[in-house]
Amino acid sequence: MTDRKRMLGLLPRLSAIVLAAAGFAAGVAFGQQGRPVAAQEATPEPTPEHLIPVEDQELLYPIWQAYDLIRRGYRDPDDEGVSANGLINGALAGMATALDDPNSYYIPPSEMQAFDRRVSAQTVGLGMGVGTDEETGAVYVTRVVDLSPAAEAGILAGDIIVGIDGEDVSGLTQNEIVERSRGPEGAQVTLTVERDTVRLDFTLTRSVIDRPVVNSAIIDDIGYLRLEQFAARSRQEMDAALATFTEAGVTGLIIDLRGNAGGTSGSTVEVASAFIPEGRIFTEDFGRRDRVFEANGDLAGVDLPLVVLVNGRTQSAAEAFSGAIQDYDLGTIIGVPTFGKGTVQTVEGLANGGALRFTIARVLTPSGDSYHVTGIQPDIVVEAGDGPGDQQLDAALGFLRELAEQPDATPEATADGA
């Protein structure tokens, strides 16, 4: 029997190894110390549902062949050897990279705990959120929590993180940078950021961060509500703020979504349903089918002129909410075009303990428009400005004060959108 036929015969039994190694097609691999092992020792025996379909075995043969050749014949110039796990992790990362989508990536087993860690109201950290620039891959600060170590040190939203404790991290993923920045309460970390092409060093002391999802205030006679993210308790905290506004008799409402990186679909529906009485809030387009998310009927009873503040760091669920408010003509969007992340990702666990995060759908507004890349376009464009103060917030306040003087200023929602 030829080697080719022998290996093709082994493919069904070694499906986990072959599938894991498929990323070699993207040309990514790395070696670590380890001894050659039989493929059967590298993964549990696959169950029948994990077997590679016969029609795919010929296609996947070069993948298995490359893995086998490297394991049996490669000589590491540094004489450190090559590990099977190293090859598999590199291969999977390569497969995700081949998608050419910054929102799709491989999560190795060593990073799963950090990835799975849910954001809580109180956590030890630096007090800032981060995001990834789709064009450059750079990891940047999306928001800074008031009175946090990041705020006190002088970190600003928009700063690009390029170093941690003197080590260059400009090529690392968002998850890798977050994990490296973690540590015990009271421990210090030095962040190097790039701001307007200038590199700056900041030393921060990790502390307990009490981070509410919603921050609110009454500015003169207008209710101001800053929504940090669309999370499980967003609607609850928002309702509490709205009740305070109603009791105070405010004449207008501002929802500030600047720097909001998004959140869950369920929370988006809950928050949007406070203002939209019925109808579609957004649609997930999977290509062959759609999943429609509609208002749940839980209105907050708010009958006020509404402004939604957005900027270039308003992303994902925050864009879906803004698009729904705009389509139903329930408020005025003020600021600059949003980030343009109009896609949905899923995270699927793999046999090696890692996971693959990849895009599965695009998001459409109630009127059926996609905002991916282009973003949500404001009704009134107001730049942030370089001077002191908050020009966008000032514009929203001025707009609402003028609108409050006009009778019947608040538009009514329609069931079918714009």
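## Surface and overall make-up

The protein chain exposes about 20,900 Å², and carbon and sulfur atoms supply 49% of that area. These values belong to a predicted model, and they describe a chain of 418 residues, of which 44% count as buried.

Within the protein chain there are 12 helices and 19 strands. When contacts with a separation of 6 or more are considered, 68% of them in the protein chain come from residues 24 or more positions apart.

## Helix 10 and its surroundings

Helix 10 covers residues 265–272, and its buried residues are Ser267, Thr268, Val269, Val271 and Ala272. These buried residues pack against both helices and strands: the helices are helix 9 and helix 11 (317–327), while the strands are strand 11 (222–227), strand 13 (280–285) and strand 14 (290–294). The two helical neighbours can be taken in turn.

Two packed helices are described by the angle between their axes and the distance between the axes.

## Packing of helix 9 with helix 10

Helix 9, which runs over residues 234–248, packs with helix 10 at an angle of about 20°, and the axes of the two helices are 9 Å apart. Because angles under 35 degrees count as roughly parallel, helix 9 is roughly parallel to helix 10. The crossing in which helix 9 passes helix 10 is right-handed.

On the side of helix 9, the residues that meet helix 10 are Ser234, Arg235 and Met238, and on the side of helix 10 they are Ser267, Glu270 and Val271. By residue type, this contact of helix 9 with helix 10 divides into 2 nonpolar, 2 polar and 2 charged residues.

## Packing of helix 10 with helix 11

Helix 10 also packs with helix 11, here at an angle of about 30° and with the axes 10 Å apart. This angle makes helix 10 roughly parallel to helix 11, and the crossing of helix 10 and helix 11 is right-handed.

The contact is made by Thr268, Val271 and Ala272 of helix 10, together with Ala317, Ala320 and Phe321 of helix 11. The residues of the contact of helix 10 with helix 11 divide into 5 nonpolar and 1 polar, with no charged residue.

## The residues of helix 10 in both contacts

Val271 of helix 10 takes part in the contact with helix 9 and in the contact with helix 11, and Val271 is also one of the buried residues of helix 10. Ser267, likewise among the buried residues, is listed in the contact with helix 9, whereas the buried residues Thr268 and Ala272 belong to the contact with helix 11.

Technical notes: Residues are numbered from 1 along each chain as its sequence is written. This is a predicted model: local features need pLDDT of at least 70, side-chain atom pairs count only at pLDDT 80 or more; totals for chains, interfaces and linings use all residues. Side-chain values use heavy atoms; hydrogens and water are left out. Axes are lines fitted to C-alpha atoms, for helices over the stretch in contact, and angles run from 0 to 180 degrees between N-to-C directions. Helices (H or I, at least four residues) and strands (E, at least two) are DSSP runs, numbered from the N terminus. Angles under 35 degrees count as roughly parallel, over 145 as roughly antiparallel, 65 to 115 as roughly perpendicular and the rest as oblique. A crossing is left-handed if the near helix is turned anticlockwise from the far one by less than a right angle, and right-handed if clockwise. Contact means heavy atoms within 4.5 Å. Ala, Val, Leu, Ile, Met, Phe, Trp, Tyr, Cys and Pro count as nonpolar, Asp, Glu, Lys and Arg as charged, and the others, Gly among them, as polar. Buried means under 20% relative accessible area, exposed over 50%, partly exposed in between (1.4 Å probe, protein chains only). Accessible areas come from the Shrake-Rupley method with a 1.4 Å probe; for residues, only the protein chains shown count as cover.
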